[in-house]
Amino acid sequence: MAKRQDIQSLALSRTRILRSALDLADREGLEGLSMRKVAQGLGVQAMSLYNHVANKEDLIDGMVELVVEKMAVPEVGKAWQGEMRRRAIVAHEVLLRHPWAAIALMSRVNVGPMMLRYIDATLGCLHAGGFSLVMADHAWNAIDSHIYGFTMQELKFPFEPEDYAEAAKMGEGLIPAELYPNMHWLTIEVMERRYDGLHEFEFGLNMVLDGLERLLATG
């Protein structure tokens, strides 16, 4: 057994460790991530990981880089509206596939080369489209606030879309019409399946992009 682990240790690489850790986090979240579990998944001793990653924080930083690598890097010189739309939609899709990553992206100082390239290209695309660099900074942060906020709400919402009507029926008594007329009306609409209650990512994205376009036109 020890000999087999020695052979596997020799085959280790930072990329292999990070990909294994990413798969583990996708299954169990960051709360289920540990150096010991990653090592077990690779069939090696935990100490062998430290030849390639400094600690758990370094591990998560590397995992974030793998996630950002899957996102759409804007092309400087192309129409900023189309590039920001593409960037946002792909980021939303990627973050849904890696449910732990939105929090990691928002809560860490991400200075890996993939993230720096991603941000710099975003700023460059907006700047080439007519925004000052200061306004470009505000613009991409507004877009990202929508991406992360919508994604987190979608991931954490307590009901699946197919259960909305039943959930509305169960909660109707908590929303009496005389106290909460607007919410009650919407609840009835969902209950009776005249309204699905689903919110669209691109609805909010369009509002952000339209607002930025008006800002640019009047600036």
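This is a predicted model: local features need pLDDT of at least 70, side-chain atom pairs count only at pLDDT 80 or more; totals for chains, interfaces and linings use all residues.
Residues are numbered from 1 along each chain as its sequence is written, and side-chain values use heavy atoms, leaving out hydrogens and water.

Visitor: How much space lies in the largest pocket?
Guide: On a 1 Å grid over the protein atoms alone, a pocket is an open set of points with protein on both sides within 12 Å along at least five of seven lines, while a cavity is a set where a 1.4 Å probe fits but cannot get out. Points are joined across faces, edges and corners, and a volume is the space filled by probe spheres set on them. For the largest pocket, this comes to about 720 Å³.

Visitor: Which residues lie closest to the centre of the largest pocket?
Guide: A lining residue has an atom within 4 Å of a point, and 21 residues line the largest pocket. Helices here are DSSP runs (H or I, at least four residues), numbered from the N terminus. Those that give two or more residues to this lining are H8 (133–156), H9 (164–171) and H10 (181–191). Closest to the centre of the pocket are Phe157, Tyr164, Gly197, Leu198 and His199.

Visitor: How many residues in the lining of the largest pocket are nonpolar?
Guide: Ala, Val, Leu, Ile, Met, Phe, Trp, Tyr, Cys and Pro count as nonpolar, Asp, Glu, Lys and Arg as charged, and the others, Gly among them, as polar. In the largest pocket, five lining residues are polar and three are charged. The number of nonpolar residues there is 13.

Visitor: Which helix gives the largest share of the lining of the second largest pocket?
Guide: The second largest pocket holds about 200 Å³ of space, and its lining includes Ala25, Asp26, Glu28, Trp100 and Lys156. By class, that lining has six nonpolar, one polar and four charged residues. The largest share, three residues, comes from H2.

Visitor: How far does H5 span between its end C-alpha atoms?
Guide: The expected span of a helix is 1.5 Å times one less than its number of residues. With 18 residues, H5 should span 26 Å. The computed distance agrees, at 26 Å.

Visitor: Why do the buried residues of H5 line one face of the helix?
Guide: Buried means under 20% relative accessible area, exposed over 50%, and partly exposed in between (1.4 Å probe, protein chains only). The buried residues of H5 include Trp80, Met84, Arg87, Ala91 and Leu95. They line one face because, seen down the axis of H5, they fall within an arc (of the directions from the helix axis to the C-beta atoms) of 165 degrees.

Visitor: Which helices do the buried residues of H11 pack against?
Guide: H11 (residues 201–218) has Phe201, Gly204, Leu205, Leu209 and Leu212 buried. Those residues fall within an arc of 130 degrees, so they line one face, whereas Phe203, Met207, Arg214, Ala217 and Thr218 are exposed on the other side. Contact means heavy atoms within 4.5 Å, and the buried residues of H11 pack against H5 (80–97) and H8.

Visitor: Is Thr151 buried or exposed?
Guide: Thr151 lies in helix H8. Leaving aside residues up to four places away in sequence, Thr151 touches His92, Leu95, Leu96 and His146. Its relative accessibility is 0%, so Thr151 counts as buried.

Visitor: How far apart in space are Gly129 and Val76?
Guide: Gly129 sits in the loop between H7 and H8, and its 30% relative accessibility makes it partly exposed. Not counting residues up to four places away in sequence, Gly129 touches Trp80 and Leu216. Gly129 and Val76 are 53 residues apart in sequence, yet their C-alpha to C-alpha distance is 8.6 Å.
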